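Have a look at the model below before reading on. The notes after it go through a few parts in turn.

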Amino acid sequence: MMKTKNTIYIVAAIFLALGSALHAQVVGKASSGPFLLKNAEIHTITKGTITGDLLVADGKIAAVGTNLSTPAGAQTIDCTGKKLYPGMIDGGTFLGTAEVNSISLTIDNNEIGNLVPHMEALTAVNPNAVAIPVTRVSGVTTVITSPTSGLFPGKSALINLFGYNPEQMYAGFKAEVLIFPSNARRGRFFRQSEEEQKKAYEKSLKDLNDIWEAASTYYKLDSIAMAGGKKFHEDYQPEMKALSEVVAGKMPLLVEVNRKEDIQAALKWLKERPNVKAILSGVAEGFKIADEIAKSKYPAIVGPILALPGREHDAYDVSYTNASVLHKAGVKIALRTGETENVRNLPFHAGFAAAYGLGTDEAFKAVSINPAEIFGLEKSLGSLEAGKTANLFICNGDPFEPSTTIEQVFINGWKIPMNSRHTLLYDEFLERTPGVK
Amino acid sequence: MNSSYPIQTKIDIKMKNNIIIKISVLMIILLFAYAFVRAQSGDIFIKNATLLTVTNGIVEQGDLLVQGGKIKSIGKGISAPANVKTIDGTGLYVMPGIIDAHSHIGIDVVNEASNPVTAEVYVGDVIDPYAIAVYRALAGGVTISHAMHGSANVIGGQCQTIKHRYGNTDPSSYKMEGAPRTIKFALGENPMRVHGEGQGIVPSTRMGVEQVFRKAFSDALDYKAKWADYKSGKTKLAPEYNLRMETLADIIDGKIIVHCHSYRADEILMLLRVLKDFGITKICFQHVNEGFKVAPELAAYGAMASVFADWWAYKFEVYYSTAYNAAILTKNGVVTSINSDDAELIRHLYHEAAKTKRYGNLTDEEALKLITINPAKQLGIESRVGSLETGKDGDLVIFDHHPLSVYAVPQMTIVDGIVRFDRKNDPKDMRLDIDPEEKLSDTYIMHEDEDRCMQDVTEWLFNTQNK
Amino acid sequence: MRICILLSVLLFMGHATFCQNTYKMGITDNYLIKNALVVSKPGAAPVKQDILIEDGIIKSVGPNQKLPLNTLDLSCDSMYIYAGFIAGASYIGIKAPEEKKDAPKPPSRDEATYEQSGITPQVSALSQLNASDKSIEDFRKAGFTVAQVFPKGGMIPGQSSIISLKMAKDGDELVIADAKNLLSTFTSSRLVAPSTQIGVMARYRNLYKNAELADKNAMAYKTNPVGLKAPSFSEEIAALIPFQKKERNVYFLAPKAKDIYRASALQKELGYNLYLVDVKHIGDAMDLVKSAKLPVLLSIDLPEKEEEKGGKSEKGKKPDEKAAEKETKESSPELDSLKAKKNAAIKAYEEEAGKLEKAGISFTFSLLDAKATDISKTLMRMVDAGLSKDAALAALTTTPASWLGLSKTHGTIEQGKVANLVIMDKPIFEKEGKIKMVMIEGRLFDGLVADKAPAEAGKGGSIEGSWTYVTVVQGGEEIGTFKFTKDGSSYKGVVISDRTSSAGSEIKDLVFKDNKLSGYTTVDADGTIKVDFNLTFDGSKFTGKVSVPGMGSFDISGSKKPDNNEF
């Protein structure tokens with residue numbers, strides 16, 4: 001008996017040592033099914049909650065129903081007493097493009113320059129970033145990963161958190177990011193004087209308009225030339241090319257904006273440009289002008305929820321209640337963490353929004369079907385319906401509760417190994433051998 | 001110009017004045033409310049609540065009486081004395097006030113980064129009783145926090161355990177009476193970056209960090225000896241007084257608890273060796289992201305650990321981290337707490353503690369200890385606070401759900417029997433000090449690393465690096 | 001309301017000579033002030049009297065006095081006369097020592113000299129006193145005749161002197177007494193230790209403890225030096241000994257309640273005599289101030305009221321003032337509530353003086369932060385907010401006289417006292433009342449504060465003075481200063497910025513004509529670069545271009561620095 005146990009430990013130890021020597025991020029491989037998840041409490045999100053079976057095949061949810069028959073070769077997973085949810089979607093992160101925050105050479109989401117809309121976050125996504133497995137085992141299967149800094153930092157992309165190259169991970173949505181000029185003071189140690197700040201703000205507003213005008217001109221001339229079957233412009237102008245897609249309304253614009261006055265300015269700016277398919281992101285002070293935002297009809301990706309109020313005189317809980325206020329005003333909302341290594345906390349951000357007025361059901365929609373709709377992917381993501389991508393997870397309780405265990409995650413139909421650096425270190429060190437002596 | 005403009009303005013002004021008058025009246029009422037709040041201790045009776053005592057299990061449908069700021073009785077069927085404010089606790093949960101063993105709220109300065117050793121400085125000198133962060137922490141159920149010096153220096157300044165008596169404007173009223181003295185140490189990247197990289201002086205490596213400690217303590221022993229000679233009459237002229245050396249000597253004499261910012265396993269073991277050599281036993285490691293790797297050594301030394309629930313990867317020394325840290329440390333017998341180091345995180349430490357249920361399957365009681373009795377032990381105040389026991393301070397939080405649920409919303413926070421946060425009745429704007437020159441259009445602040453370990457250091461880095 | 005013609009002539013003459021900056025002026029210093037309404041001390045009713053002044057001293061006060069020989073008759077019918085004001089604390093006439101840019105750097109930030117750390121308790125205000133500083137005239141016009149002046153500096157700037165605000169050739173002549181009160185602050189040094197307020201607090205503990213020990217060691221050595229090495233000496237520590245021993249007073253800069261609590265906490269530990277100076281908002285610390293009987297020097301610098309901002313002409317407004325105005329026009333419950341709270345905060349500052357009076361706390365005024373031209377308005381606001389006129393007058397006259405040990409000679413209008421007087425056209429603290437004249441030691445000065453607009457520069461005017469500029473060069477902003485001085489009919493100029501020495505870089509070929517300026521300077525950066533300027537001046541602003549051959553041309557704009565910026 002003793003011997004067998006020791007052997008197991010030794011094997012495990014060798015395996016672990018090997019694992020860390022190879023810098024693998026997980027132990028084990030994903031398997032592709034098909035899988036029949038039997039007798040689960042299925043939270044479809046769009047079609048109510050049923051007790052039944054769900055079949056995963058060829059990367060899709062093949063069927064949702066009761067007493068589904070087991071197809072040949074399918075692995076059956078008994079889900080009695082368990083719950084199924086669609087994988088959660090985070091509407092704004094830096095996942096995959098940042099490894100160690102303080103080391104700039106490991107940060108791939110902030111290119112130099114104010115005007116770099118041709119940068120593609122997807123290009124720099126490292127499929128083996130250590131934070132990816134750490135995130136997906138929490139049930140977050142899909143995230144927007146964004147470039148940042150400057151005015152037009154590049155294109156963000158929606159990615160699934162499993163795959164070995166960016167193409168495998170790409171989930172079918174991209175948007176140009178605009179970090180809308182802000183007149184906010186940045187913290188206690190902000191070094192600009194009021195005058196300098198104001199000047200910088202006015203300059204960036206002017207920059208934005210100048211750039212936009214140039215892009216519009218480019219688009220106009222380009223369309224005329226294209227209609228004539230010719231190539232406009234000999235010069236390579238990738239910035240203008242990228243922005244002209246936004247001008248044309250072909251590429252959505254993710255407008256990062258938080259302060260009340262800045263949101264108002266952004267709404268006014270967008271009103272003058274009705275072609276733009278805009279999505280607001282951040283929207284920290286949206287609650288102050290919820291009706292104005294609702295009237296604009298633009299959807300809002302709200303977050304982080306676990307954040308401080310922007311003003312000393314604001315109620316302490318405005319960040320918690322923001323999503324609820326916007327939802328009640330009629331704004332279509334999704335949630336975001338704005339995180340890199342802790343995107344795994346998305347369910348907790350949603351949980352706080354739920355507790356502070358949004359309610360569990362709406363909060364879950366805000367991390368599933370709502371973002372899918374905002375991204376135009378309602379046919380493939382965001383709910384448990386036949387024909388949709390098989391992004392889902394099995395858990396033993398409310399997915400927002402920290403005490404709930406996320407037991408199994410599926411991404412694109414792949415059954416994901418439920419470990420990560422964090423669980424592997426736990427396994428190795430809970431009972432360290434040798435101990436002290 | 002529009003001719004109706006002046007008339008319009010007039011009307012506006014009139015209306016505005018009305019509003020201002022109304023608001024002023026409201027403010028006067030509020031000021032009275034504050035005058036009331038300013039008392040130092042109070043009486044309160046909570047009946048029919050679920051009492052999470054932390055040290056003695058759960059009392060369902062229990063009653064709790066606080067008198068003169070202390071818990072007078074806990075149990076069932078306690079009858080309320082006359083004239084004591086009574087709270088119907090039906091359906092509510094009561095737990096001891098949450099204690100944060102690592103924060104930087106309520107003080108005006110965090111780092112005196114001018115030297116690798118600044119034991120002489122003391123953040124208790126610069127308590128900011130107006131800090132809105134303190135009120136926001138109360139709104140998260142935190143009644144006591146350990147206001148710490150930052151991590152710029154190997155031996156930083158002395159810290160202050162504060163009680164969140166928001167509403168008092170005398171800074172000394174924040175100091176928890178009788179709380180032991182504590183001091184901040186820091187290992188690894190921060191002191192290496194500030195002094196080595198920034199100023200070109202030792203330490204720029206973890207080797208250097210060790211020697212900074214050894215020199216400081218050796219100097220302190222020499223200093224002590226000089227003063228002993230003078231006091232015994234062996235020498236006639238007094239040596240120079242040096243508060244830095246005085247403080248270091250007090251650490252060696254066991255008068256000050258060490259709280260050490262640390263991450264990597266190797267540096268943790270280094271400090272344990274140094275402390276052992278100088279006979280220093282009271283040590284709590286802070287952050288200690290790789291504490292899980294040396295949990296048996298920590299337990300053997302009697303060292304404690306105060307950790308983040310899940311922060312990692314923000315710098316290289318926390319790259320090899322695990323959110324299971326608290327669970328591993330706890331299960332290895334290390335007295336562990338979960339801290340915030342952050343003005344936002346401090347608002348939901350109950351939620352941070354709950355994460356240990358996911359990351360390592362801690363029981364409810366184990367999880368609650370991480371934010372109550374354990375941090376109390378680390379601050380040396382466990383006989384006063386950290387659990388619901390008769391005789392302890394009347395520091396309580398009342399929740400609408402079990403505090404480890406993500407749906408838990410703190411309803412009321414009580415310090416010394418006085419309600420300092422009341423979700424239902426507090427106005428939105430809780431500022432105590434209004435800048436008469438504030439620009440109304442410019443009140444939004446983007447939060448960037450405020451109230452954290454490296455606060456105040458940015459100035460140095462700007463001066464010394466091209467970042 | 002009537003002043004005799006003779007007086008006007010005299011004043012005119014005085015003014016003319018003043019401008020020439022000669023010391024002796026006027027014909028005689030003997031005056032008989034006739035028929036004035038004299039308020040001899042705070043609380044006294046105005047009595048119609050004559051005041052005879054001889055050789056700078058009040059010879060007699062009483063009705064119907066005879067005009068002696070060599071004495072000028074000064075008819076002051078219906079004018080009100082008060083004792084000259086005394087500033088409890090100020091920087092009048094003080095010019096901060098220039099930062100030594102080439103001073104050797106300390107080996108580390110922790111090993112700076114006392115001076116580098118801003119600890120200069122041995123420094124006397126006298127060493128920084130400049131008799132020709134314009135602030136002396138400015139505050140004199142506001143009615144101040146005597147002032148305690150402190151040196152400028154860092155954490156502990158140094159010790160005070162008491163000066164007369166008369167005209168003199170050099171600082172020494174102004175000094176009435178060396179008060180030697182110590183100004184102490186929580187100011188930290190930015191570049192060396194102590195670099196923050198916690199460092200400053202710790203440093204105070206070291207300093208005072210070592211002052212005590214230095215005193216002890218000196219005594220021990222004096223008693224029996226046999227077998228002992230002489231104790232080490234430090235000028236700074238030695239200078240602190242009288243304060244540590246409570247022989248003299250420590251004036252702690254404590255604008256707000258928090259500072260008051262801190263200065264008081266430190267005092268309890270270190271045991272100095274604490275005066276709170278430049279206090280703006282005591283708030284809840286009032287109980288402490290009262291129970292510890294802390295003397296207060298209240299700042300005559302109140303936060304600006306909203307309506308005052310609107311009073312300026314449209315042209316004189318800065319862009320952010322316009323924004324502020326726009327903001328006041330906007331309305332929302334949030335903004336209204338913020339405004340109400342802000343107004344309440346302003347009111348609380350205005351009410352501090354009255355509260356001190358009611359609490360029976362002895363106080364006078366500090367001018368460290370005050371603008372001379374705002375003083376009467378500020379005092380009026382305090383009176384409107386509950387300060388009694390008598391208490392206000394006492395805080396300007398008798399209280400500071402007593403604190404500074406000048407009660408026998410200053411503070412009231414009595415026979416034998418120094419002839420320091422304030423002559424007003426209306427009772428003091430009455431709306432639209434103006435100081436017509438100020439007498440110091442028997443000499444008359446014009447008290448009228450001219451309401452003239454700041455000198456219009458450009459537009460055919462002068463560009464003499466300092467101008468700040470901002471230019472955007474290749475993505476970065478550069479800020480600096482132009483200094484132009486008149487050189488006959490043309491100008492000389494320098495440009496001062498981070499890239500130049502502190503003296504600046506000379507502008508060559510400077511031509512100024514029709515509001516347009518051209519010239520160039522050279523900058524050393526990988527070889528010498530020529531920088532051309534073409535500026536157009538308009539009033540107190542200018543715009544233009546900076547061009548660098550090979551780099552292009554960049555926008556530059558700037559504005560005139562106020563003339564009174566130097567104090």
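What follows is a walk from whole-chain numbers down to single strands, helices and one glycine.

## Ground rules

This is a predicted model, so to speak of local features pLDDT must be at least 70, side-chain atom pairs count only at pLDDT 80 or more, and totals for chains, interfaces and linings use all residues. Residues are numbered from 1 along each chain as its sequence is written, while chains are lettered from A and ligands numbered from 1 in the order in which they are written.

## Chain A as a whole

Chain A has 13 helices and 16 strands; these are DSSP runs numbered from the N terminus, with helices being H or I of at least four residues and strands E of at least two. Its radius of gyration is 24 Å, close to the 22 Å that the globule rule gives for 437 residues, so chain A is as compact as a globular protein of that length. (The radius is taken over C-alpha atoms, and the rule is 2.2 Å times the number of residues to the power 0.38.) The C-alpha trace spans about 75 × 55 × 55 Å along its principal axes.

Of the 437 residues in chain A, 53% are buried. Here "buried" needs 20 or more other C-beta atoms within 10 Å of the residue's own, "exposed" means 12 or fewer, and "partly exposed" is in between, with C-beta atoms placed from the backbone. Take the contacts in chain A between residues at least 6 apart in sequence: 70% of them join residues at least 24 apart. A contact means that two C-beta atoms, placed from the backbone, lie within 7 Å.

Chain A holds an open sheet of eight strands with mixed pairing, in the order β6-β7-β8-β9-β10-β11-β12-β13. Strands count as paired if DSSP finds at least two bridges between them. β6 and β13 of chain A are at the edges with a single partner strand each, so one side of each has no neighbour in the sheet. From one strand to the next, the twist averages 25°; angles run from 0 to 180 degrees between N-to-C directions, and axes are lines fitted to C-alpha atoms, for helices over the stretch in contact. At the β13(A) end, β12 (residues 300–302) of chain A pairs with β13(A) in the parallel sense over three bridges, and Ile301(A) has Ala334(A) as its bridge partner.

Helix α10 (residues 346–358) of chain A has its end C-alpha atoms only 15 Å apart, short of the 18 Å that a straight helix of 13 residues would reach at 1.5 Å a residue. (The expected span is 1.5 Å times one less than the number of residues.) Twelve of the 13 residues of α10(A) are buried, including Phe348(A), His349(A) and Tyr356(A). They pack against β6, β7, α9, β13 and α11 of chain A, together with α9 (349–358) of chain B. Just after α10(A) comes Gly359(A), with a positive phi of about 85°.

Helix α4 (residues 206–231) of chain B reaches 38 Å from its first C-alpha to its last, close to the 38 Å expected for its 26 residues. Its buried residues, among them Phe213(B) and Phe217(B), pack against β8, α3, α5 and α6 of chain B. After α4(B) comes Gly233(B), whose phi is positive, near 90°.

## Where B meets C, and a glycine in C

In chain B, 44 residues are in contact with 49 residues of chain C. Helix α1 (residues 5–37) of chain B gives the largest share of the chain B side, seven residues. By class, that side has 19 nonpolar, nine polar and 16 charged residues. Nonpolar here means Ala, Val, Leu, Ile, Met, Phe, Trp, Tyr, Cys and Pro; charged means Asp, Glu, Lys and Arg; the others, Gly among them, are polar.

Over in chain C, Gly354(C) is found in helix α10 (residues 333–359). Gly354(C) is partly exposed, because 18 other C-beta atoms lie within 10 Å. Leaving aside neighbours within four places in sequence, Gly354(C) is in contact with Met382(C), Ala385(C), Gly386(C) and Leu387(C).
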